[in-house]
Amino acid sequence: VQWSEPWLIGLLAFHAFCFLLTLITIKFYKFQIAHFLFMIVLVYCAEYINEMAAMNWRLFSMYQYFDSNGMFISLVFSTPLLLNTMIIVIVWVYRTLATMTELKSLKQKRSTNKEKGKKAK
């Protein structure tokens, strides 16, 4: 792989941007959902992108990287996007667990306060 080709440098920059966006949007839930869905749609369209790139590779590349199995596009395009989506899912699971833990502790405090109120009467 000739990593100095402009389109590969652009692809690496795109993945770096997506990763930064993943980290930045951790605090912005709605924007993170949109970012997540955008990346999932891109992974879904990878087969079509591979077909188009295989037909037109001479326009932007020195070598034919796009095989019929889609191995190259899976490795350099889909895998980084899927890693970003995995990070987002892990953050969502962590938030859900934290919320459930907080809810459980609030429920215990409430029941403790009710018991203290009954004993005081």
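The legends below describe close-up views of a predicted model. Residues are numbered from 1 along each chain as its sequence is written, and side-chain values use heavy atoms, with hydrogens and water left out. Because the model is predicted, local features need pLDDT of at least 70 and side-chain atom pairs count only at pLDDT 80 or more, whereas totals for chains, interfaces and linings use all residues.

View 1. Glu5 lies in the segment before helix 1 (6-24), helices being DSSP runs of H or I with at least four residues, numbered from the N terminus. Glu5 counts as buried because its relative accessibility is 2%, the term buried meaning under 20% relative accessible area with a 1.4 Å probe and protein chains only. Leaving aside residues up to four places away in sequence, Glu5 touches Phe60, Ser61, Met62, Tyr63 and Tyr65, where contact means heavy atoms within 4.5 Å.

**View 2. Glu5 with Trp7 and Phe36.** The side chains of Glu5 and Trp7 are joined by a polar contact of 3.1 Å (a pair of N or O atoms within 3.5 Å, of which, within protein, one must be able to donate a hydrogen and the other to accept it; residues adjacent in sequence count only if both atoms are side-chain atoms). Between the C-alpha atoms of Glu5 and Phe36, which are 31 residues apart along the chain, the separation is 28 Å.

View 3. Helix 3 (46-56) and helix 4 (71-120) each contribute at least two residues to the lining of the largest pocket, and helix 3 provides the largest share, 5 residues.

Conventions. Buried means under 20% relative accessible area, exposed over 50%, partly exposed in between (1.4 Å probe, protein chains only).
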